[in-house]
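Trainee: Could you take a close look at one pair of packed helices in this model? I would like to know how the pair is described, and then what lies around it and elsewhere in the chain.

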Amino acid sequence: MPKVVISGYYGFGNSGDEAMLFAIISQLKHRIPGLDIVVLSHRPDDTAREFGVRAVPRRAFRPIWRELGNADLLLSGGGSLFQDVTSPRNVIYYAGVILMAWLRRKKICLYGQGIGPLNLPLSRFLVRSVVRMADLVTLRDRGSLIELEALGVKRPVQVTADPVLALEAEPEGCKRGRVLLQEAGAPEGPLLGVSLRRWPDVGAVSGAVAGLADTMTSQGWRVVLVPLQPDDTEILGRLKKQMRSPAVVLDNVKGFRDLLAVSACFDLCLGMRLHFLIFTVMSGVPAVGLGYDPKVERFMSEVGLPTLPVAGITAGDLQRAVEGLLAGGDVSVRLLQRVDDLRRKAWHNADMVAALLRSGNWEVRS
């Protein structure tokens, strides 16, 4: 049976990245029965227990070298791995793992990747180099393709979709989501879900969001604040203090499955976190994106939803965007149609990896 080593931002408690890992594992195992998977993780024991795979510490380079030695493929998992806004060390680390696989003469796949922003010459050089090393490159949006073209990359790449979009909603998901909302103290009424994250401009953003939330609460809406990563709770706690009206922080939600369930229960969402927006759109829930990073605008544009830049944003800007969205007819039907198309593209990631490994004569499902 083939063996794949998966590298990415796993084991840090970020629900979006954990959902992505689950999606990648599920898709690959469906296409390649018996596939042996090893994940590089910040908390390997937790990852192994949660996903039923073997895992090794992501910075234990000697064990990683050994695992790559008898692997057939390194899969550099989806997400914003190749960007240097949060830290230039991101690009150096992920490029280093790919270089190890290349030195081991293993197949290399960049899977559903989001590329950029890349501000430093070293970052641009490393990304251009690892893309050339790879046997297969799939990108989650056309903006990432444009980033590669700007780097001078001319090799063929495939634009697909974020792997998370291939996940199917659980039949009882919204029912479980309602239970979680009730446990957290969310009152009855139309629900506005809000996701913010740590970012240099988040103080100004939260002031605008608080103003919108107060206005919508006066109109009968109920506000629910949704953390996707542990340090989101602090930011959302500050937002709650800025609001004059009550709000509920979902501190009882544990992991991406709970978030998927809760997201299906919202009537409208407002978010910075990309995968929060993806979770809600997958259930046909209309949303307004807060564009702190190009990936947010790229995704929201693809599904036909608005994004506002965080710089200089006001409550009035948000109010106008929300009113325009709510006045747009049956947005949910159009969203679900677009999600169906993106789901097929997301599955194509796994189809291409299966084709890449097919030369080993392993059974591959179509």
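Mentor: A helix axis here is a line fitted to the C-alpha atoms of the stretch in contact, and the angle between two axes runs from 0 to 180 degrees between the N-to-C directions. Two packed helices are described by the angle between their axes and by the distance between those axes. Bear in mind that this is a predicted model.

The pair to look at is α3, residues 61-69, with α4, residues 89-103. Their axes lie 9 Å apart, and the packing angle is about 40 degrees. Angles under 35 degrees count as roughly parallel and those from 65 to 115 as roughly perpendicular, so α3 and α4 are oblique to each other. The crossing of α3 with α4 is right-handed. On the α3 side, the contact is made by Phe-61, Ile-64, Trp-65 and Leu-68. On the α4 side, Tyr-93, Val-97, Met-100, Ala-101 and Leu-103 take part. Sorted by class, the contact of α3 with α4 has nine nonpolar residues, no polar ones and no charged ones.

Now follow the chain onward from α4. Arg-105 sits in the loop between α4 and β6. Its phi is near 60 degrees, a positive value in a residue other than glycine. The relative accessible area of Arg-105 is 79%. The cut-off for exposed is over 50%, so Arg-105 counts as exposed. Strand β6 covers 107-115, and Pro-117 lies in the loop between β6 and α5. Gly-116 and Pro-117 are joined by a cis peptide bond, with omega about 0 degrees.

Ser-123 belongs to α5, which spans residues 121-133. With a relative accessible area of 3%, Ser-123 is buried. Neighbours within four places in sequence aside, Ser-123 is in contact with Asp-84, Val-91 and Leu-118.

Next come the nonpolar cores. The largest has 102 residues, and those with the most contacts inside it are Ile-6, Leu-196, Phe-266 and Leu-290. Helix α14, residues 331-357, supplies the largest share of this core, eleven residues. Val-97 and Ala-101 were already named in the contact of α4 with α3.

Phe-266 touches Leu-181, Leu-191, Leu-192, Gly-193, Val-224, Val-226, Phe-276 and Val-285, leaving out residues up to four places away in sequence. Val-4 and Gly-193 are 189 residues apart in sequence, and their C-alpha atoms are 37 Å apart in space. Val-4 is in strand β1, residues 3-7, and with 0% relative accessibility it counts as buried. Beyond four places in sequence, Val-4 touches Leu-35, Asp-36, Ile-37, Val-38, Leu-73, Leu-75 and Leu-357.

The axes of α11, residues 274-282, and α12, residues 294-302, come within 10 Å and cross at roughly 15 degrees. The helices α11 and α12 are therefore roughly parallel to each other, and their crossing is right-handed. Leu-274, Leu-277, Ile-278 and Val-281 of α11 meet Lys-295, Val-296, Phe-299 and Met-300 of α12. This contact of α11 with α12 has seven nonpolar residues, no polar ones and one charged one.

In the other pair, the axes of α8, residues 202-218, and α9, residues 232-242, come within 9 Å and cross at roughly 45 degrees. That angle makes α8 oblique to α9, and their crossing is right-handed. From α8, the contact takes in Val-202, Gly-203, Ser-206, Gly-207, Val-209 and Ala-210, and from α9 it takes in Ile-235, Leu-239 and Gln-242. By class, the contact of α8 with α9 has five nonpolar residues, four polar ones and no charged ones.

The last stop is Leu-308, in strand β14, residues 307-309. At 17% relative accessibility, Leu-308 counts as buried, the cut-off being under 20%. Leu-308 and Leu-318 are ten residues apart in sequence, with their C-alpha atoms 7.8 Å apart in space. Apart from neighbours within four places in sequence, the contacts of Leu-308 include Leu-318, Leu-290 and Ile-313.

Key: Residues numbered from 1 in each chain as written. Predicted model: local features only at pLDDT ≥ 70, side-chain atom pairs only at ≥ 80, totals over all residues. Heavy atoms only, no water. Helix = DSSP H or I, 4+ residues; strand = E, 2+ residues; numbered from the N terminus. Parallel < 35°, antiparallel > 145°, perpendicular 65-115°, else oblique. Left-handed = near helix turned anticlockwise from the far one by under 90°. Contact = heavy atoms within 4.5 Å. Nonpolar A, V, L, I, M, F, W, Y, C, P; charged D, E, K, R; others polar. Core = buried A, V, L, I, M, F, W, Y, C linked by side-chain atoms within 4.5 Å. Buried < 20%, exposed > 50% of the residue type's maximum accessible area, 1.4 Å probe, protein only.
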